[in-house]
Amino acid sequence: MTTQITSARPAAGPRKGPRRRPAAPSATTVGRPGFAWALPAAVFFALFAIVPLIMVAVLSFMTWDGLSSPQFVGMDNWSRLADDPVMLKSIWLTLLLTVLGVVIQTPLSIVLGVWAAGHQRNRAVLSVIYFIPLLLSATAVSVLWRALLDPNFGIPAEATWLFGDGNLFGEQATAIGVLAFVSTWQFTPFHTLIYQGAARAVPRVLYQAAEIDGAGRYRQFFHITLPQLRNAMITSMILMIVGGLTTFETVLILTQGGPGTDTTISAYYMYDKAFRGFDYGTGSAIALALVVASTIISLIVVRVSGYDKMRSSMEGVS
Amino acid sequence: MKTRARLPRLVATGATLALALSLSACGDGNGGASGDDGKIHVLVYGDATNKVEKKIVDTFNKTSDVKVVLDTIPGADYQQKLQTIINTPQAPDVFFNWGGGSIKPFVKADLLLPLDDFIKKNPELENKFLPSVFNNAVVDGKPYGIPMRGTQPVLLFHNKKVLKDAGVQPPKTWDELLDAVGKLKDKGVTPIALGGGDVWPTQMWFQYLYDRIAGPGLFEKAVGGDKSAWESADSKKALGMIRDLVDSGAFGKNYDSVKYTNGGSVQLVAAGKAGFELMGSWYYSQQLTDHPEFAETGLGYTAFPAVEGGKGDAANVAGNTNNYYSVMKKTKHPEAVAEFLKLMYSDDFVKSQLDIGNLTTTTNTDGFIDGSATPEYSRFQYDLVADAPSFQLSWDQAYPQKASSDMHKAIQQFFNGQLDADGFIKAMQALPTE
């Protein structure tokens, strides 16, 4: 990344001359706040995340229906889940929805974010309208779309050439499509916001230099904007992946995991087991598996992308 | 971001509850219901009927030394929250439930007070109610609940104009229904509206067909733990008839995308795009809210048709029999509770319920129907329920609550063809019965 920028930088070379700010050495001498600063957050996190997580881990080795006292059952919950076809299917569905989310939302949000970072006429007004889905709760969004997609009185009834008999929630492929679409509709604005901020932060000089070199708009986009958005892209993708793995309300309200178990993703299956089947042990096991999986996947993304090293994409630019 | 925060929060809530509950389970035995504030706590499902419950509580508190406090839990989460508090010191003295399977686990956990002592002292607590309704809160031969709201039998509703245009009479028998389905299809309307997205409306077709073909015995056996009932010839016959009905296009093709709860199927019938809909008696007030003009002039209703050659009595009904008050064993004021339950068959109670459209199931209801808001409709329902040899409680409420999710999956999958009859039978046999 850094080297790419440096090598694409000959035009900026002449500016090297006078060193205006000897910034680097003094930065290291600034004192960091002590651990005490992190204490309130740490206590809060421990109390509301770590402690419950440990409880869930313990509960996943027990059987409990909420009425009698919990009983230890060893690995029973886990071995039953390992053989449960619905559980296995739910993992694939979760991954599928997550991948769909990343693949659809990323290009859309980049394009929209870069556009929204500009200074065109009406941009502010259009952006505001576009950000509205972000302000609605996932529940409201899901209720809204379930009504809009009613086969007899909703959009499908007006566009039968596209939707056929409109049985969107009655078949697996279309039900998954609806879930992916609704998440996209709701969360693209949020990721657009990330990209908008990042695109605004790209130094103007890079574009000015590129213009002098005769690069057109598309070359500027692919050779300056996109590489400069790298860190924003990683941030946004991690949020999308973790968000995708834990999607819940959309499924609860739009499909209830149906038809049958065709859209039962892991987080919904956990709810189904724990709060509808009153089998808190199995529910806890699914929850714990989800926490572990999300953590591992996030770590992998962070590692592979080099996000952990937090290299600046603007090194060497004024 | 929001979804990201959701899982930890769910986990946290679950685990905190787990903590609280396991702690209280350990420190069991100090059993003062809702602390020791000397009051009776009554927990009810929060909705529009609460105003009647408040009124009854006020009436009771005027004369009683032991006061009643009404606690409400808003709608959908009722059962989940009840199950998490019922074995803790925060548990109420008296609580709302659906009878049947909804209280069976509590009886098994020895949490509920059998009401036979109350009834011995005051037989009216039993004989003031219609037996078919009262019996749905009897578990292992002992009564555990007193009916406290209205009955909601499932009826076959229709759009009068649509039926007339197709030259169809409201069907009295299964063959007439099949005939009507054919004629309505020829007219280009969906014969029967179905909110399959909610699944429980689909379940109503299973309840009635099983009852008509096998009689109430088959389901009674199955829910009692004899799983062979699902494999019987009658069971297979009922499934075959459901399959034929679905395959004939009676419900159209997109029923799984339609919901009752968001008004989809309701509008289908009101707009004349469908002929029939099988739904609980609350359907009338739903139509009255959504489409008042249609409800008053265009909506017809009949009992579910008879099935020729079936073992079940055609006068049997299915649906939600009523809601019940059950009493916790650890209540400190059983005498006051017994006094409070007496009010559930008082004239004042019956009148107040009828005024808001709930059809009570007390024997004195009869005398008040003519003065109610919808005398004709109330009379039809009351006679139906009073004359019914058996009232089949909705399947998902007759089974323990924890079975309902898997039951719904099986019902939806059989209906849309993802499961065949054998697959459905296996799925039903796998349901927990206690």
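Residues are numbered from 1 along each chain as its sequence is written, chains are lettered from A and ligands are numbered from 1 in the order in which they are written. Because the model is predicted, local features need pLDDT of at least 70 and side-chain atom pairs count only at pLDDT 80 or more, whereas totals for chains, interfaces and linings use all residues.

**View 1. Chain A contains 17 helices and two strands.** Helices (H or I, at least four residues) and strands (E, at least two) are DSSP runs, numbered from the N terminus. Chain A has 318 residues, of which 35% count as buried. A residue is buried if 20 or more other C-beta atoms lie within 10 Å of its own, exposed if 12 or fewer, and partly exposed in between, with C-beta atoms placed from the backbone. Two residues are in contact if their C-beta atoms, placed from the backbone, lie within 7 Å. Of the contacts in chain A between residues at least 6 apart in sequence, 72% join residues at least 24 apart.

**View 2. The contact between the chains involves 47 residues from chain A and 45 residues from chain B.** On the side of chain A that touches chain B, at least two residues each come from α3 (39–59), α8 (138–148), α14 (230–245), α16 (266–276) and α17 (280–305) of chain A. The most is given by α3(A), with seven residues. By type, this side of chain A divides into 27 nonpolar, 14 polar and six charged residues. Here Ala, Val, Leu, Ile, Met, Phe, Trp, Tyr, Cys and Pro count as nonpolar, Asp, Glu, Lys and Arg as charged, and the others, Gly among them, as polar.

**View 3. Helix α3(A) bends by about 40 degrees at Ala46(A).** The bend at a residue is the angle between axes fitted to the seven residues ending there and the seven starting there. The expected span of a helix is 1.5 Å times one less than its number of residues. For the 21 residues of α3(A) the span should be 30 Å, and the end C-alpha atoms are 28 Å apart, which agrees. Buried residues of α3(A) are Pro52(A), Met55(A), Val56(A) and Leu59(A).

**View 4. Helix α5 (residues 85–116) of chain A has 32 residues.** From its first C-alpha to its last, α5(A) reaches 45 Å, close to the 46 Å expected at 1.5 Å a residue. A bend of about 30 degrees occurs in α5(A) at Gln105(A), and a proline, Pro107(A), follows within four residues.

**View 5. The loop between α15 (249–254) and α16 of chain A holds Pro259(A) and Gln256(A).** Most residues other than glycine have a negative phi, and most peptide bonds are trans. Gly258(A) and Pro259(A) are joined by a cis peptide bond, with omega about 0 degrees. Gln256(A), although not a glycine, has a positive phi of about 50 degrees. Gln256(A) counts as buried because it has 21 C-beta neighbours inside 10 Å.

**View 6. Five strands of chain B form an open sheet in the order β2-β1-β3-β12-β6, with mixed pairing.** Two strands pair if DSSP finds at least two bridges between them. The edge strands, β2 and β6 (146–147) of chain B, each pair on one side only. Strand β1 (residues 40–46) of chain B is mostly covered, with six of its seven residues buried.

**View 7. Strand β1(B) runs parallel to strand β2 (residues 68–74) of chain B, joined by seven bridges.** Tyr45(B) stands opposite Ile73(B) in β2(B). The chain passes from β1(B) through helix α2 (residues 50–63) of chain B to β2(B), in a right-handed β-α-β crossover. A crossover is right-handed if, with the strands pointing away from the viewer, the path from the first strand over the helix to the second runs clockwise. Two bridges also join β1(B) to strand β3 (residues 94–97) of chain B, and these strands run parallel. In β3(B), Val94(B) is the bridge partner of Val42(B), and Phe95(B) stands opposite Leu43(B).

**View 8. Asp140(B) lies in the loop between β4 (138–139) and β5 (142–143) of chain B.** Asp140(B) is not a glycine, yet has a positive phi of about 50 degrees. Asp140(B) counts as exposed because it has 9 C-beta neighbours inside 10 Å.
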